[in-house]
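Open the model in a viewer and keep the sequence panel beside it. The stops below are meant to be selected one after another.

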Amino acid sequence: MLHRGRESTDGTGDGELTVPMAWLYAEYIADELLRSGDLMPPTSFEFRAGRDALALTVFLSDTDGELSGIRVVTQLETWLSLTAYDQPWQEWVQGRLRDLSPAGAGRDAPDPDLELAREAWRWLRETELLAPDLNAVPGGGAAAGEDEGPKVWTPAWQLGLPLGHLAIHLF
């Protein structure tokens, strides 16, 4: 089942509303993975960061142009390796977005799926979330609770990526 939204909802392609099904499906997969892991409240910015990072990973790793529901389970290992700590995920995302751009892919028409992916990437890059400082010097002061330790402003993708990776592990 193909999910690329290149035509109108009735299949005529006559200039009507184009539904970005590939992006929406990638976002749905990411949402389900995060919800099943029960790591963050779905209303939190951290959850959105994880969902957007995972949705980008799902969408951009779909090199065949189809996100089949049957193939989701077979793609978990790929997504796990792409989101791993030691991988250059940020550079991979930028490269894939560049490769899929209308000029890079040999298309003239804008791609609504790609536009939503770009918007998610923009939000992940430009939004900073207050997170625990994992690089703080150990023993610098005993924190009584998780909210009392040192905090640092972190780009949303740096917080969302490990959250998404953990959600894949827990699935």
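The tour goes from the whole chain to single elements and then to one residue.

This is a predicted model, in which local features need pLDDT of at least 70, side-chain atom pairs count only at pLDDT 80 or more, and totals for chains, interfaces and linings use all residues. Residues are numbered from 1 along each chain as its sequence is written, and side-chain values use heavy atoms, with hydrogens and water left out.

**Whole chain.** Helices (H or I, at least four residues) and strands (E, at least two) are DSSP runs, numbered from the N terminus. Their order from the N terminus is α-α-α-α-α-α-β-β-α. Of the 171 residues, 42% count as buried, where buried means under 20% relative accessible area, exposed over 50% and partly exposed in between (1.4 Å probe, protein chains only).

**Helix H1.** Select residues 21-37, which form H1. The 17 residues of H1 reach 24 Å from the first C-alpha to the last, close to the 24 Å expected at 1.5 Å a residue; the expected span is 1.5 Å times one less than the number of residues. Among the buried residues of H1 are Trp23, Tyr25, Ile29 and Leu33. The buried residues of H1 pack against H2, H3 (72-82), H6 and H7 (156-170). Just after H1, Asp38 takes a positive phi of about 50°.

**H1 with H6.** Axes are lines fitted to C-alpha atoms, for helices over the stretch in contact, and angles run from 0 to 180 degrees between N-to-C directions. Met21, Ala22 and Trp23 of H1 meet Asp113, Leu116, Ala117 and Ala120 of H6; contact means heavy atoms within 4.5 Å.

**Helix H2.** Next select residues 45-60, helix H2, whose end C-alpha atoms are 22 Å apart, in agreement with the 22 Å that its 16 residues should span. Because 13 of the 16 residues of H2 are buried, H2 is largely enclosed by the rest of the structure.

**Ala131.** Finally, select Ala131 in strand S1 (residues 128-132). Is Ala131 buried or exposed? At 4% relative accessibility, Ala131 counts as buried. Leaving aside neighbours within four places in sequence, Ala131 is in contact with Pro150, Lys151, Val152, Thr154 and Leu159. Ala156 lies 25 residues from Ala131 in sequence and 9.6 Å away in space, C-alpha to C-alpha.
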